[in-house]
Amino acid sequence: MNKKLIVLSAPSGGGKTTVAKHLLSTFSNIKFSISATTRQKRENEINGRDYYFLTKEEFQEKINKNEFVEYEEIYGNYYGTLHSEINEAIKNNKILLFDVDVKGALSIKKAYPKEALLIFLMSPDFETLQKRLRERQTETEEQFNKRIERVKMELDMKDKFDFVVINDKLEQTLKEVENIVRNNIFQS
Ligand code: ADP
Ligand code: 5GP
């Protein structure tokens with residue numbers, strides 16, 4: 001009943017963005033937690049909608065001012081969740097949806113043990129994950145390799161999550177996650 005923070009995690013290409021979009025279009029009371037990042041904006045992304053795109057100096061300034069609930073260096077860039085995002089959502093009585101890496105997810109759970117619901121998305125197998133990430137065509141070869149190198153560490157953390165969903169057939173994944181949200185956020 002108290003769950004107010006839905007945290008989605010997965011290796012890169014695991015389906016976080018796809019599932020997040022579905023939840024946001026299904027539940028009007030859910031708001032996306034916009035993280036700050038120093039990585040370059042992708043073509044289809046918008047500053048202030050997908051991320052707050054910052055320079056390294058701007059990000060460092062926010063670290064110094066203690067503005068992050070958590071932050072991590074991932075694939076050579078910084079990513080972090082701002083206190084202001086969470087405070088604003090609580091003030092407006094919104095459920096917040098996070099797309100963060102596995103370490104960030106556990107940090108959010110530690111900071112908000114009662115409120116956080118952790119969902120790990122897992123591809124059916126390693127080959128499928130690689131194929132999906134390649135076909136997304138967003139990464140350079142170097143970035144692709146960095147993302148793949150991290151998969152084992154990420155999979156090793158999956159048992160710390162409240163739910164693990166195998167993202168095989170997309171329709172089924174979306175239904176499954178939707179049900180987890182209904183049962184843990186909107187009903188029980
Ligand atoms: P993430 O945000 O975790 O990196 P995405 O949501 O961007 O992952 O998904 C990676 C790619 O795989 C995208 O191109 C997406 O459309 C595709 N995808 C996600 N889930 C499935 C699925 N179940 N079946 C086929 N393609 C999928
Ligand atoms: P991408 O570059 O593909 O958008 O994200 C790379 C990784 O950073 C993903 O695992 C994504 O979930 C994670 N990420 C995005 N925002 C945050 C954040 O605020 N904190 C943490 N710890 N990870 C984040």
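**Figure 1. Polar contacts between side chains and ligand 2.** A polar side-chain atom of Arg39 lies 2.6 Å from an oxygen atom of ligand 2. Ser35 also has a polar side-chain atom by an oxygen atom of the ligand, at 2.7 Å, and for Arg147 the distance is 2.8 Å. A polar contact is a pair of N or O atoms within 3.5 Å; within protein, one must be able to donate a hydrogen and the other to accept it, and residues adjacent in sequence count only if both atoms are side-chain atoms. The model is predicted: local features need pLDDT of at least 70, side-chain atom pairs count only at pLDDT 80 or more, and totals for chains, interfaces and linings use all residues. Residues are numbered from 1 along each chain as its sequence is written, chains are lettered from A and ligands numbered from 1 in the order in which they are written, and side-chain values use heavy atoms, with hydrogens and water left out.

**Figure 2. Aromatic rings around Phe59.** The whole structure holds eight aromatic pairs. One of them joins Phe59 and Phe68, which are stacked at 4.5 Å centre to centre with 20° between the planes. Phe59 and Tyr71 are edge-to-face, because their ring centres are 6.2 Å apart and their planes stand at 75°. Phe59 belongs to helix 2 (residues 56-64) and Tyr71 to strand 5 (residues 68-74), so this pair ties together parts 12 residues apart in sequence. Ring pairs link Phe59, Phe68, Tyr71 and Tyr78 into a cluster. Rings of Phe, Tyr and Trp (its six-membered ring) pair if their centres lie within 6.5 Å; planes under 30 degrees apart count as stacked, over 60 as edge-to-face and the rest as tilted. Helices (H or I, at least four residues) and strands (E, at least two) are DSSP runs, numbered from the N terminus.

**Figure 3. Arginines over aromatic rings.** The charged end of Arg134 sits over the ring of Phe144, 3.9 Å from its centre. Arg150 lies over the face of Tyr75, 5.8 Å from the ring centre. A charge sits over a ring if NZ of Lys or CZ of Arg is within 6 Å of the ring centre and within 35 degrees of the ring normal.
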